[in-house]
Protein chains: 2
Amino acid sequence: MSERRRHRERRTAGGVHQPPFRQPRLRYRPIEVISADQLEAIHQASLRILAEMGMEVLLDEARDILKGVGAEVDGLRVRLDPALVESFIGVAPESFTLHARNPDHSVVVGGDHMAFCTVGSAPNVADRAGGRRPGNFKDFCGLLRLAQSLNAIHLNGGYPVEPIDLHASTRHLDALSAVLTLTDKAPNCYSLGKERNRDAIELVRIARGVDDATLDEEPSVFTIINTNSPLKLDNPMSQGIIEMARRGQVTCVTPFTLAGAMAPITIAGAVAQQNAEALMGLVLTQAVKRGAPFVYGGFTSNVDMKSGAPAFGTPEYMKTAMMGGQLARRYRLPYRSSNVNAANTVDAQAAYESVFALWGAVMGGCNLMKHGAGWMEGGLQASFEKMVLDADLLQMVMAFLDPPVVDDDALGLDAIREVGPGGHFFGCAHTQERYETAFFAPMLSDWRNAQAWEIAGRPDAYQKAEQVKDQLLAAYEEPPMDEGIREELAAFVARRKEEGGAPTDF
Amino acid sequence: MSERRRHRERRTAGGVHQPPFRQPRLRYRPIEVISADQLEAIHQASLRILAEMGMEVLLDEARDILKGVGAEVDGLRVRLDPALVESFIGVAPESFTLHARNPDHSVVVGGDHMAFCTVGSAPNVADRAGGRRPGNFKDFCGLLRLAQSLNAIHLNGGYPVEPIDLHASTRHLDALSAVLTLTDKAPNCYSLGKERNRDAIELVRIARGVDDATLDEEPSVFTIINTNSPLKLDNPMSQGIIEMARRGQVTCVTPFTLAGAMAPITIAGAVAQQNAEALMGLVLTQAVKRGAPFVYGGFTSNVDMKSGAPAFGTPEYMKTAMMGGQLARRYRLPYRSSNVNAANTVDAQAAYESVFALWGAVMGGCNLMKHGAGWMEGGLQASFEKMVLDADLLQMVMAFLDPPVVDDDALGLDAIREVGPGGHFFGCAHTQERYETAFFAPMLSDWRNAQAWEIAGRPDAYQKAEQVKDQLLAAYEEPPMDEGIREELAAFVARRKEEGGAPTDF
């Protein structure tokens, strides 16, 4: 067994048992919360937004590219004719493989495949013992190690927490090096100026040990482009689209359309605006390079009516997650949604908002689940324990997504006959043969009876998550990496640091 | 405004704001986890179970009734020919109204309607301040008051906790009197000997102020019949079916088929057995009275592989909940499922298992949600705080089930045009007009930022639920009842107590 294989198969580490790394597929029909007519009405409204209002695109190069394919440019404002938008639908691939440096961890994005990411971009980090603190490189690396250890996590979804103790000009170099060495799952990069995109693409190429031409053919890193809702696209976002699309890397355009703040207070209006902004992103990526991998991102939620604070995992969130999926399928594009909540601690609220968000995203046909594990506080906090809890939730979702087996063996009529009225199935052969693998075994759920639980000190799920986190971190092993590659990565980082890193005035 | 109306409209009591009492409808397409062919295979397996193995039916009267419609009776064993079973499909109503003594609280059971019940039959009760204790009449009444106060709860789902301090021979009289006076929502009764069914039906008739003939036409009380899985039906269960069906009251036959214990360890086998037992119940009710209201109950879960303890809200539970719904729809019957979990405290586990269970039940097309609010510990504990938390979850589910509005107003193109690129929607007329009602406002979710939450003492959702529970109980008002009816209820209870109550050797 190769070392890689051994790593992949490590289902029990530090005494924690997990199912192996695998991608779930949505074999059930996604939920449609709006009718075909209503879907068409939203599509048409988005086309009108793009044709009549357009968007402000700040980057000259982006406006030139858009003009080049027929957009109407008036100052910073870019308007798209409906026919122009329609001509770019069906150009991007319905699905593609996102290559990891460990091929066993490459994932399919699109179709009925689903891939789960870590939390990304939280400014603060917390664990149960140490409390909440500003993001830093030590915790950044700790979260990477934990994410690498959790088989439910398929992708790095950005910096799990912002390592603000690293200088902004070179942070991307150290941070992405850590992602590429401490984990062997595919990475995300930030679009904060074209130099950072270029550095990221080069680091990923080195880590994968491939040449430029191969990398251009094999998507190996993805970026999230958040439009500046409403209706604006700033320089780093446009640069990110251009740099990534040019190299055949993955762009996920995700308008963050908080209904009542950056978008209309009505769900339909917020989604129409989200859709218009995502379509502008689609046109720009495909204008840069036809067929560049593109993910349709939906991230419409609502605000708390009392305070104006963003809310997540709400009924409105569930509906917009499903509407986003309907739109992405209409455009035959992979769909990105998120596992979100706005709780301050790993309590019942954190769990119910997360599972409601998963219900919306998964049944909405999500292909790329951003913030799949570790997100708290509406994105302001990355939590070690929540990452473990979410990994358990994601494994449960995967088990649910395995359709039931219905065949003669499973129907078990002989066992029912053997046991007969009033008997029990514990001892029968049908049970004994399947006993150890019949059901999903979660990491956290405590199913002891009240007496046993009392004697154990009445632990709650937060405490159990802490314990599992400690076990996993203690058992963590860095995934193998060729020494030559390790040196080449270090040399590239050293050279770019010497050159001064990337500009910070993006 | 009538007093009743005033009560119904009490959306804010004790400072707690709730949406009004209303029934949700499932306007989305339920999820199908098995194909039409697989559904047919389970149906056929169930027919074979009933034809080849049959069930043990302990009550002579029940066997006679079944024999009368063509069943093959051999000692205690009753076998049903497939054609006989098929002849009873489509006989029971697809939906019916379950009448409450307050007509505003009557609910439709079946079709795309959903109704949520309180927790039923827990032997223990807990609250955050007082801890866990054996069931008793004081807490029983407290839980009834809380359930009456929560608009998300449509029905009494049995004794929320078993009042074991009441003598078994007369417990049903005091308990059901309390249900009928402290709440005005429709009741459940237990099938523990025919005398108790008869007493319950009479108490319900008195409380509704109608005559026997009206009651026989208007379902006003429901009972849960748990077959003694595998393949057995004991005396009180058969008596319950006979007494309730005869009077046109509601029978919900729910096999409790724990996979690997009372049913095959395989999901398909457990559901096939569940289905066979439910169909036997259907045939018996319809043989007693054609067209008697019947609910198809599904309650297949799995055991913990390590300890054999029952587990709930698991991936397997979600799938069986959905398969049960597919079967119920095939038979055009209302479908019962449950909101369940196996947690010992109101933590993240309690929440995630509950929301997973709701995901399975709701998207499975559940019409009658038993244990909708307050269930803990796999049914061994009724929790005051969990009842509040569940009511909030159920309200979120209801809000999710309201399909998004997509029309010109909602699409809000004028607002998008008015705000323009880079602006915000807080102040625009489109937002201001809808500000107060645009989004669902939960009772518990704490969306404050970390600093405000810290200053407030870092409360978790369990503490918030306790606070809301206290506020609701302090503001509780007994629903109005005609004095004559109150006296008649008391007189009936007194007379039946004098007669010695009901036998305890059922």
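Student: How many bridges join S20(A) to strand S21 of chain A?

Tutor: This is a predicted model, in which local features need pLDDT of at least 70 and side-chain atom pairs count only at pLDDT 80 or more, while totals for chains, interfaces and linings use all residues. Residues are numbered from 1 along each chain as its sequence is written, with chains lettered from A and ligands numbered from 1 in the order in which they are written. Strands (DSSP runs of E, at least two residues) and helices (H or I, at least four) are numbered from the N terminus, and two strands pair if DSSP finds at least two bridges between them. S20(A) and S21(A), the latter covering residues 381-383, run antiparallel, and the number of bridges joining them is two.

Student: Which residue of S21(A) is the bridge partner of Met376(A)?

Tutor: Met376(A) lies in the edge strand S20 (375-376) of chain A, which pairs on one side only. Its bridge partner in S21(A) is Gln381(A).

Student: Are Phe294(A) and Val295(A) buried or exposed?

Tutor: A residue is buried if 20 or more other C-beta atoms, placed from the backbone, lie within 10 Å of its own, exposed if 12 or fewer, and partly exposed in between. In strand S15 (residues 294-297) of chain A, Phe294(A) and Tyr296(A) lie on one side, Val295(A) and Gly297(A) on the other, and all four are buried.

Student: Which residue in S18(A) does Tyr296(A) stand opposite?

Tutor: S15(A) pairs with strand S18 (residues 335-338) of chain A in the parallel sense, over two bridges. In S18(A), the residue opposite Tyr296(A) is Tyr335(A).
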